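Here is a short briefing to read alongside the model. Take a moment with the fold before going through the notes.

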Amino acid sequence: MGQGLWRVARNQQLQQEYSEQCFLQRSERRRRMAALLSETPTQSRRTAQCHADLGHLLRARKRQEEQGFIDLDMLPPELSITILSYLNATDLCLASCVWQDLGNDEYLWQGLCKSTWGHCSIYNRLLPPGFSYRKLYMQLDEGSLTFNANPQEGITYLMSKSILVDHPKEIAKFIFYTRMLNWKMLRIYLDERRDVLDELVTLHNFSNQFLPNALRDFFRHIHAPEERGEYLETLITKFSHRFCACNPTLVRDVGLTPVTISDWKEPFDLMI
């Protein structure tokens, strides 16, 4: 009996709240209608203009959603080139299928070449008419892949395409500024070409570096052999001389010599 009375009272309360809410909503609609009717012509035009602007924005957003991405051809060329410059070679080739003029832009391929292969002899020469950086990228990629299979053949291929000059310093710069060469093949090549190894060592700058950090940086570019031997001793000797040459203050004030560095076995044992 008590529960039945409670349900009746609760239903009456809900009906009263619903009636009050409906009354408030009707009052609000009447207030808005009165405000619109009392607007001056200028205010009415402003309201209509706001509604038109809102409709235009909604239609523009709907068209953008239907079209998907913004067409790069509709952007300023400088902005489109900047956007495409973040793509790698594979994605840029795909983009050139859609945006032929933009995807084949020589500026983009030049940036890809120089960001992947920091130094090539051909960069410093007068380029012939009709030169293509896209073609150069493909040749550099082919040469690097060949190097990773056979180092000597890879270097020979790059020389045959006039990309590299047959000089130890030029080869050393190419190796130093390229990060896609297989380190095992690179170690084999440098072991055979000690003249290139000498030039590669001189490209390192160990000024004001902590000795272990300098050694890590050295072996990051010139990987140490897995076992001790003549080649490792040669690397240690070359590193020691180069470190002293880059830090003459330590040589003068502390008496640091290549011999003292070579005799300090602990850091070299940690590197191997």
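What share of the contacts in the protein with a separation of 6 or more comes from residues 24 or more positions apart? In this predicted model, such residues account for 56% of those contacts. The notes below start with the whole chain, then turn to one helix pair and one aspartate.

**Overall picture**
- The protein is built with 16 helices and zero strands.
- Of its 272 residues, 31% count as buried.

**Helices α11 and α13**
- Helix α11 (residues 194-202) packs against helix α13 (residues 230-246) at an angle of about 35°, and their axes are 10 Å apart.
- The crossing of α11 past α13 is right-handed.
- On the α11 side, the contact involves Arg194, Leu197, Asp198, Val201 and Thr202; on the α13 side, Glu230, Tyr231, Thr234, Leu235, Lys238 and Arg242 take part.
- By type, the residues of this contact are four nonpolar, two polar and five charged.

**Aspartate 217**
- You will find aspartate 217 in helix α12, which covers residues 211-221.
- Aspartate 217 counts as buried because its relative accessible area is 19%, and the cut-off for buried is under 20%.
- The side chain of aspartate 217 makes a polar contact with the side chain of arginine 220, at 3.0 Å.
- Setting aside neighbours within four places in sequence, aspartate 217 is in contact with His204 and Phe206.

Key. Residues are numbered from 1 along each chain as its sequence is written. This is a predicted model: local features need pLDDT of at least 70, side-chain atom pairs count only at pLDDT 80 or more; totals for chains, interfaces and linings use all residues. Side-chain values use heavy atoms; hydrogens and water are left out. Helices (H or I, at least four residues) and strands (E, at least two) are DSSP runs, numbered from the N terminus. Buried means under 20% relative accessible area, exposed over 50%, partly exposed in between (1.4 Å probe, protein chains only). Contact means heavy atoms within 4.5 Å. A polar contact is a pair of N or O atoms within 3.5 Å; within protein, one must be able to donate a hydrogen and the other to accept it, and residues adjacent in sequence count only if both atoms are side-chain atoms. Axes are lines fitted to C-alpha atoms, for helices over the stretch in contact, and angles run from 0 to 180 degrees between N-to-C directions. A crossing is left-handed if the near helix is turned anticlockwise from the far one by less than a right angle, and right-handed if clockwise. Ala, Val, Leu, Ile, Met, Phe, Trp, Tyr, Cys and Pro count as nonpolar, Asp, Glu, Lys and Arg as charged, and the others, Gly among them, as polar.
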